[in-house]
Amino acid sequence: MNRFLAAGLLLFAVGVAAEPVTSGSTADTAATQAEEKGDRSQMDHAQMDHAQMDHSQMQGMDHSQMHGMDHSGHGGHDMEFDAGGMVMNTNRDRLPPACPEIRRDYEFTVRAGTRYAAPFSGNTFGMSQHAFEVEPCSRVTFTFINEDAVRHQFMIHKLPRDMYPQGMFHIEAAGGATKVGTLIVPRANRTYLIHCDIAQHMEQGMKGQLRAGRGDGDLSSIPGISARFRVDNYRKPAQAVLAAAVGFALTLAGLWLWRRWRYAR
Ligand SMILES: [Cu+2]
């Protein structure tokens, strides 16, 4: 009887071990979820200081071709700011404290739209490039082209707060619009989150990363770079326990029948 039980337990253990999809990814998902929550809680969009946005450095607007707009009433730029999008906390010349000089200049053209989600199963939105690598202390200019009809954002988070209010650099482009913004990355080896903060756009694929130097690890769920943040898993933990219990019972029953059959001969 002892051998019988031992065999049953062994088979049960093998069955549980063969079930890594549920147990393994749950822990992983919980960890990354906590990390993501941390990211989100640090964003305080309500406290964005609009006074610190430098409208004078907005590029890519050709005012000469605008007709029929009366700019006299509202100081010029506010109207375009609202209509085509915005660039917030752009920085072309203020050096981060630990940077003796601007080490390099980079220019990236990023196209946003549903067509860039096509290679990534399950995604709805995407960007022509999701991962960017630059040297620390370099100046990075992003030209953000929104090819969709809906508004998209290109936000970089957790930058030094003394240089970038809320630790944030933010480009926002209305449907069909193009916006250009520049920032200077600090000296640290870090990987910065890039995302669109419009509801569900990041979850649907508008997520990227900006790696300065060696970075400090890939972020989760970057299309083409890292595994999806949420693994589709429709099984509830109770179902897994039930399946294991049923498997155990069937194993015992099988062993019991086999034993009866063997001793009956
Ligand atoms: Cu978006």
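D148 sits in the loop that links β5 to β6. Strands (E, at least two residues) and helices (H or I, at least four) are DSSP runs, numbered from the N terminus. The model is predicted: local features need pLDDT of at least 70, side-chain atom pairs count only at pLDDT 80 or more, and totals for chains, interfaces and linings use all residues. Residues are numbered from 1 along each chain as its sequence is written.

**D148 and its surroundings**

- D148 counts as partly exposed, because it has 18 C-beta neighbours inside 10 Å.
- The cut-offs are these: a residue is buried if 20 or more other C-beta atoms lie within 10 Å of its own, exposed if 12 or fewer, and partly exposed in between, with C-beta atoms placed from the backbone.
- D148 touches A112, G113, T114 and G175, leaving out residues up to four places away in sequence.
- Two residues are in contact if their C-beta atoms, placed from the backbone, lie within 7 Å.
- A177 is 29 residues from D148 along the chain, and their C-alpha atoms are separated by 9.0 Å.

**Overall layout**

- The protein chain has 4 helices and 10 strands.
- Along the sequence the pattern is α-α-α-β-β-β-β-β-β-β-β-β-β-α.
- The chain holds 265 residues, and 24% of them are buried.
- Take the contacts with a separation of 6 or more: residues 24 or more positions apart account for 74% of them.

**The sheet**

- An open sheet of 4 strands runs in the order β3-β2-β5-β8, with mixed pairing.
- Its edge strands are β3 (126-127) and β8, and each pairs on one side only.
- Two strands pair if DSSP finds at least two bridges between them.
- Strands of a sheet pair through backbone hydrogen bonds, either parallel or antiparallel.
- β5 and β8 pair in the antiparallel sense over 7 bridges.
- V140 has L183 in β8 as its bridge partner, and T141 stands opposite T182 in β8.
- β8 is largely enclosed by the rest of the structure, because 6 of its 7 residues are buried.

**The nonpolar core**

- A nonpolar core is a set of buried Ala, Val, Leu, Ile, Met, Phe, Trp, Tyr and Cys residues joined through C-beta atoms within 7 Å.
- The largest one has 33 residues, and V110, F144, F154 and I156 touch the most other members.
- Strands that each supply at least two residues of this core include β1 (85-88), β2 (105-113), β6 (152-156) and β10 (207-212).
- β5 gives the most to this core, with 4 residues.
- I156 is in contact with M168, F169, L183, Y192, I194 and L210, leaving aside neighbours within four places in sequence.
- In soluble globular proteins, nonpolar side chains tend to be buried together.

**Two buried residues**

- M168 lies in the loop between β6 and β7.
- M168 counts as buried because it has 20 C-beta neighbours inside 10 Å.
- Neighbours within four places aside, M168 is in contact with N89, M155, I156, H157 and L159.
- M168 and T90 are 78 residues apart in sequence, but 9.7 Å apart in space, C-alpha to C-alpha.
- H195 lies in strand β9, and H195 is buried, with 21 other C-beta atoms within 10 Å.
- H195 is in contact with M155, M202, M206 and K207, again leaving aside neighbours within four places.
- H195 and G205 are 10 residues apart along the chain, with their C-alpha atoms separated by 8.9 Å.

**Helix α4**

- Helix α4 covers residues 237-264, and its 28 residues should span 40 Å at 1.5 Å a residue.
- The expected span is 1.5 Å times one less than the number of residues.
- The end C-alpha atoms of α4 are 40 Å apart, which agrees.
- α4 is hardly covered: the count of buried residues among its 28 residues is 0.

**Confidence**

- pLDDT is the predictor's confidence in each residue, from 0 to 100.
- The protein chain averages a pLDDT of 77, and 66% of the residues score at least 70.
- Over residues 19-44 pLDDT stays under 50, and the model has 16 contacts beyond four places in sequence for them.
- Over residues 56-80 pLDDT also stays under 50, with 12 contacts beyond four places in sequence.
- Where pLDDT is low, the predicted coordinates should not be read in detail.
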